[in-house]
Amino acid sequence: MVGMKLYNHVKINDPLFYPIIERFIDLKMIILMHSPIGYSRVKLNVREPKNISLPEDFVEIAKRYPEQMFQFAHIAGGIDWEYACKTLEQSPNVYVDVSGSNNAANMIDFAIRYLGEDRLLFGCDNSFYPSVGHMFSAKLSDAQRRKIFFENYSKILIKGGKHVD
């Protein structure tokens, strides 16, 4: 096991998770949490569970546990990805994967601007062609694409989950 994937039974910043997060710090493993589908700046999608983790929840837990790496999943999953990127900008231990089926033309470029190329992780979440397509349509160098496709997550695995600046 190299990490843990959580869904939405409890928010990422719920005290119930503190012992698990503390154990994962010891294990040097990343924690992935689903992001909400259809979240906007105004309100949570009513179809989503009330305890889905929002970008603000990730900011809070990232401050509480700066030594733990968190993965905010699926910015192309229908959320307000611009808001998510801006909200997560100052949380260097939160990585963001670009997976999902709602691949806006400038999403990758926008995410690079706010999060940097070292905090983005490629993912497709059953949307392989659109996910690869938006990576190649983004204004990225080959080196940036390599980082997002392979190197960023490889560093997480190689370093045993230690946060790499």
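Modeller: The model is predicted, so local features need pLDDT of at least 70 and side-chain atom pairs count only at pLDDT 80 or more, while totals for chains, interfaces and linings use all residues. Residues are numbered from 1 along each chain as its sequence is written, and side-chain values use heavy atoms, with hydrogens and water left out.

Colleague: How many bridges join β4 to β5?

Modeller: Strand β5 (residues 120-121) is joined to β4 by 2 bridges, again in parallel. Leu121 of β5 is the bridge partner of Asp97. The open sheet has 5 strands in the order β1-β2-β3-β4-β5, with parallel pairing. Its edge strands are β1 (3-6) and β5, each of which pairs on one side only.

Colleague: Why are both faces of β4 called covered?

Modeller: In a regular strand the side chains alternate between the two faces of the sheet. In β4 (residues 94-97), Val94 and Val96 on one side and Tyr95 and Asp97 on the other are all buried, that is, under 20% relative accessible area with a 1.4 Å probe, protein chains only (exposed is over 50%, partly exposed in between).

Colleague: Which elements make the β-α-β unit, and of what hand?

Modeller: β3, helix α3 (residues 81-88) and β4 make a right-handed unit: with the strands pointing away from the viewer, the path from the first strand over the helix to the second runs clockwise.

Colleague: Why is α4 described as largely enclosed?

Modeller: In helix α4 (residues 107-115), 7 of the 9 residues are buried, so the rest of the structure largely encloses it. Among them are Met107, Phe110 and Leu115. Just after α4, Gly116 takes a positive phi of about 85 degrees.

Colleague: How do you know that α3 and α4 are roughly parallel?

Modeller: They pack at an angle of about 15 degrees, with axes 9 Å apart; axes are lines fitted to C-alpha atoms, for helices over the stretch in contact, and angles run from 0 to 180 degrees between N-to-C directions. Angles under 35 degrees count as roughly parallel, over 145 as roughly antiparallel, 65 to 115 as roughly perpendicular and the rest as oblique. The two helices are therefore roughly parallel. Residues in the contact (heavy atoms within 4.5 Å) include Trp81 and Cys85 of α3 and Phe110 and Tyr114 of α4.

Methods
Helices (H or I, at least four residues) and strands (E, at least two) are DSSP runs, numbered from the N terminus. Two strands pair if DSSP finds at least two bridges between them.
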